[in-house]
Amino acid sequence: MLKQYRAAVIGVICMIAAIIVTGLISLKDEQPTDTQPVIMAEQDMTADKESKAGQPLLMVTGDMAEMQPQETEASEEMGLEETVEAQPESTVEETEPVTDQTEAAQGEVPETSSEETVQLAEEPSDFDGYVLPVVDVYLNIREIPSTEGTVVGKLYVGSKAKIMEQDGEWTKISSGTVEGYVKNEYIVTGKEAEELAKQDGRMIATVLENGINVRENPGLDADVLNIAGEGEQFEVADETEGWVAIRYSENIMAYMSADYVSVDFMLGEAISIEEEREAIKKAEEEAARKAAEQAAEQEKARERAMERLANSQSVETVITEGYAASYDDTYLLACLVHMEAGAEPYEGKLAVANVVLNRVKAGYGSTISEVIYAKNQFTGANSGALASRLAKGPNDECLQAAVEALSGVNNIGDYRNFIAIGWANYDSYSAYTIIGHHCFYKR
């Protein structure tokens, strides 16, 4: 139908054009002198005809066949028949997939909502469904979701709580024995809580087997301080290559092989107001008990000191025969006195100098130098302490005490030993005297 219609139209156009051309030719001899407009019109018409002849015919296939006649009729009514060209159905169908493939090849992805994007970006966390407080000390847990609600507990820094439900600006949580509401602006969950746990939580090393060595330093050749059993736990101070540094005691750091312990973050739980009051009461009772014990111990120590002083034998200061010493031995003796009794009263300094001279007289060595450096006599002489003092020199009192002892002034008789009073075993001494913080004795 469409082909017949178009053929009829084209035929009419061609017939009209032929009539016009024939008429013009037949009237050629009758043309006016100015023939330029007519020639131009003929050229325009011929060009228009050739243009129409060169245009492709309208082709429709498949399902589009029913749609195109209507579009063609509308175009004709608008005077657009000659300018409207329809693309074959196959071209339309092939173009759209190619466009999608091109976008895919350029790395474009289908559009997603912002919520879907966030879900794809976030990875699951062990702290999903839990919260940690973001506060300086603790977060109040209230009975109802309001600042007017009664405080039923506290969530301290380094503690974790489970999310039960959320109510606007508040979240209901459960931790330990406490259930209640906390303000959302003071808590974090998920990945944020996971990072905060590393900061506020305590790292605990749990021993996995029996008989694991606790060493003084990291290394299999380090001294063993103790043996740990399965299940024992220690606070972790640091982790190094193959070793875990633990807080073995208040002032001692120790090391365990990382192969035999598991390291985990340990978080606390909320505490109820009743539990907190009970804990405070127990702490006060414990503090009072320790204070009483300390006072009793101090009283016992005072009694022992009084007893020691009562049993201490007073030694009269006498003038004996002097000892001839070289300048070097005199300087060495003064430095030893400073090392052993630098903070003692002058009588204590003089007594230490006489201990050295009594040992020389008793044959511990033939000279002051031999006695001081003899094995098992003065520990500081072999540890570097005396060498340090020799480099710095003695103070005036220590030098005076050495010179006076060498001149024959003796305030301890024939005592050849001394020890700090805190280490003294008074029952093992046949006689002793206390001067300052030293006990001078003989067996």
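A search of the whole structure, which is a predicted model, finds zero disulfides, a disulfide being a pair of cysteine sulfur atoms within 2.5 Å. Cysteine 335 has the sulfur of cysteine 398 as its nearest cysteine sulfur, at 8.7 Å, and is in no disulfide. Cysteine 335 is also buried, with a relative accessible area of 0%; here buried means under 20% relative accessible area, exposed means over 50%, and partly exposed is in between (1.4 Å probe, protein chains only). Cysteine 439 counts as buried too, at 0% relative accessibility.

A word on how to read the values: residues are numbered from 1 along each chain as its sequence is written, and side-chain values use heavy atoms, with hydrogens and water left out. In this predicted model, local features need pLDDT of at least 70 and side-chain atom pairs count only at pLDDT 80 or more, while totals for chains, interfaces and linings use all residues.

## The protein as a whole

The secondary structure comes to 13 helices and 20 strands. These are DSSP runs numbered from the N terminus, with helices (H or I) of at least four residues and strands (E) of at least two. Of the 443 residues, 29% count as buried. The accessible surface is about 29000 Å², and carbon and sulfur atoms own 51% of that surface; such areas come from the Shrake-Rupley method with a 1.4 Å probe, and for residues only the protein chains shown count as cover. Among the contacts with a separation of 6 or more, 61% are between residues 24 or more positions apart, where contact means heavy atoms within 4.5 Å.

## Aromatic rings

The structure holds seven aromatic pairs. Rings of Phe, Tyr and Trp (its six-membered ring) pair if their centres lie within 6.5 Å; planes under 30 degrees apart count as stacked, over 60 as edge-to-face and the rest as tilted. One of the pairs is formed by tyrosine 327 and tyrosine 331, whose rings are stacked, 6.4 Å centre to centre with 20° between the planes. Both of these tyrosines lie in helix H8 (residues 327–341), four residues apart, or about one turn of the helix. Tyrosine 327 is exposed, with a relative accessible area of 65%, whereas tyrosine 331 counts as partly exposed at 25%.

Tyrosine 426 and tyrosine 429 have ring centres 6.2 Å apart and planes at 75°, so this pair is edge-to-face. Tyrosine 426 is buried, with a relative accessible area of 14%, and tyrosine 429 counts as buried at 10%. Ring pairs also link Tyr426, Tyr429, Tyr432 and Tyr441 into a cluster.

A charge sits over a ring if NZ of Lys or CZ of Arg is within 6 Å of the ring centre and within 35 degrees of the ring normal.

| Charged residue | Ring | Distance from ring centre |
|---|---|---|
| Lysine 154 | Tyrosine 138 | 4.2 Å |
| Lysine 160 | Tyrosine 130 | 4.5 Å |

Serine 428 lies in the loop between strand E18 (417–420) and strand E19 (431–435), and counts as partly exposed at 31% relative accessibility. Its side chain reaches the backbone oxygen of asparagine 425 at 2.7 Å. A polar contact is a pair of N or O atoms within 3.5 Å; within protein, one must be able to donate a hydrogen and the other to accept it, and residues adjacent in sequence count only if both atoms are side-chain atoms. The C-alpha atoms of serine 428 and tyrosine 441 are separated by 9.7 Å, with the two residues 13 apart along the chain.

Serine 312 has its place in the loop between helix H7 (273–311) and strand E16 (318–319), and counts as buried at 17% relative accessibility. Leaving aside neighbours within four places in sequence, serine 312 is in contact with Tyr432, Thr433 and Ile434. The side chain of serine 312 makes a polar contact with the side chain of threonine 433 (3.5 Å), and a polar atom of that serine side chain lies 3.0 Å from the backbone nitrogen of isoleucine 434.

## Two further residues

Threonine 206 is found in strand E8 (residues 202–207) and is buried, with a relative accessible area of 19%. Not counting residues up to four places away in sequence, threonine 206 touches Gly231, Glu232, Gln233, Tyr260, Val261 and Ser262.

Asparagine 376, by contrast, is exposed, with a relative accessible area of 70%. Asparagine 376 is found in the loop between helix H10 (368–373) and helix H11 (379–383), and has a phi near 65°, a positive value in a residue other than glycine.
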